[in-house]
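Student: I would like to learn how to read a protein model step by step. Could we look at one together, taking a feature at a time?

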Amino acid sequence: ISEVFVDNKSVFDVGAPELDPRFNWAYRLANGLHVRTRESVIRRELLFTEGDCYVPAALEDSERILRAASYIADADVFAVRQADGTYHVLVETRDEWSTRLEPQLEAGGELELSGVELREDNLLGTGQHVAAFYRERYGATIYGASFGTRQLLGTRLDAEIAVARTPVGTAMTQRLAYPFRGETGRWAFLQQLEHESDYFELYRRDDDGVLR
């Protein structure tokens, strides 16, 4: 492999035939508000680099890894043979819209808004995840925040930490993982720590035999 080219597209490919041209202004606005995934982030997900032997399976695995990322909507990785016998590899990606404001609904006698979560899955194009949430539960307020990355300190380590305030205490989750890298990955590990102070359900059978 003599060259690797990365074409990191934004959310909408303005002018593409599958998009209604009447809404090009909206597509451009969305692209302007979105920060594209950085080229360095995409390159760190690849299983090959310049100077490596050309192995088609490594390209296929890299494509699957990119598509599995929550901030990538689509990916295409392919090679073009050159006259000198080397290969140029082209990596084309299209971003997923990564900012979400999600209401939390609760079904009781009627559908009620019980909370809201604000999440960004591609912070400043780095592939990092940040979120904050607020909700009502057991008549008390619960709130918390989380942070996660697929490339901790520029490596291929997955990391996540989340903290929350529960009705009776606190909750915390910490995770560090190295997933199998493609079909040929030889090893992986997962370390996870959880702590939670919260209500739990206790069922008992009353004198009338009804389980409550």
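Student: Which residues are linked in a network of salt bridges?

Tutor: A salt bridge is counted when a side-chain nitrogen of Lys or Arg lies within 4 Å of a carboxyl oxygen of Asp or Glu. In this structure, Arg100, Glu102, Arg119 and Asp121 are joined by such bridges into a network, and the structure holds 14 salt bridges. Please keep in mind that this is a predicted model, in which local features need pLDDT of at least 70 and side-chain atom pairs count only at pLDDT 80 or more, while totals for chains, interfaces and linings use all residues. Residues are numbered from 1 along each chain as its sequence is written, and side-chain values use heavy atoms, with hydrogens and water left out.

Student: Which parts does the salt bridge between Glu45 and Arg181 tie together?

Tutor: The closest N and O atoms of Glu45 and Arg181 are 3.4 Å apart in their salt bridge. Glu45 sits in the loop between helix H2 (39–44) and helix H3 (56–68), and Arg181 in the loop between strand E9 (169–178) and strand E10 (189–196), so this pair ties together parts that are 136 residues apart in sequence. Helices (H or I, at least four residues) and strands (E, at least two) are DSSP runs, numbered from the N terminus.

Student: Are Glu45 and Arg181 buried or exposed?

Tutor: We call a residue buried under 20% relative accessible area, exposed over 50%, and partly exposed in between (1.4 Å probe, protein chains only). Glu45 is buried because its relative accessible area is 2%, and Arg181 is also buried, at 10%. For another pair, take Arg22 and Asp20, whose salt bridge has its closest N and O atoms 2.6 Å apart: Arg22 counts as exposed because its relative accessibility is 64%, whereas Asp20, with 23%, is partly exposed. Arg43 and Glu50 also form a salt bridge, with the closest N and O atoms 3.6 Å apart; Arg43 is partly exposed at 29%, and Glu50 is partly exposed at 31%.

Student: What does Ser98 touch?

Tutor: Contact means heavy atoms within 4.5 Å. Not counting residues up to four places away in sequence, Ser98 touches His34, Arg119, Glu120, Asp121 and Asn122. Ser98 belongs to the loop between strand E3 (87–95) and strand E4 (99–107), and Ser98 counts as buried because its relative accessibility is 3%. The side chain of Ser98 also makes a polar contact, at 2.6 Å, with the side chain of Glu120. A polar contact is a pair of N or O atoms within 3.5 Å, where, within protein, one must be able to donate a hydrogen and the other to accept it, and residues adjacent in sequence count only if both atoms are side-chain atoms.

Student: What is the order of the strands in the open sheet of three strands?

Tutor: Strands of a sheet pair through backbone hydrogen bonds, either parallel or antiparallel. Two strands are taken as paired if DSSP finds at least two bridges between them. Here the open sheet has the order E1-E3-E2, with mixed pairing, and its edge strands, each pairing on one side only, are strand E1 (3–9) and strand E2 (72–81). E2 and E3 run antiparallel and are joined by nine bridges, and Arg81 stands opposite Tyr87 in E3. Helix H3 packs on this sheet, touching E2 and E3, and its direction makes about 165 degrees with that of E2; axes are lines fitted to C-alpha atoms, for helices over the stretch in contact, and angles run from 0 to 180 degrees between N-to-C directions.

Student: How many helices and strands are there in the protein, and why is it described as more spread out than a compact globule?

Tutor: The protein has three helices and 10 strands. The radius of gyration is taken over C-alpha atoms, and the globule rule is 2.2 Å times the number of residues to the power 0.38. For 212 residues the rule gives 17 Å, but the radius of gyration of the protein is 23 Å, well over that value, so the protein is more spread out than a compact globule. Its C-alpha atoms fill a box of roughly 85 × 50 × 35 Å along the principal axes, and 31% of the 212 residues count as buried.
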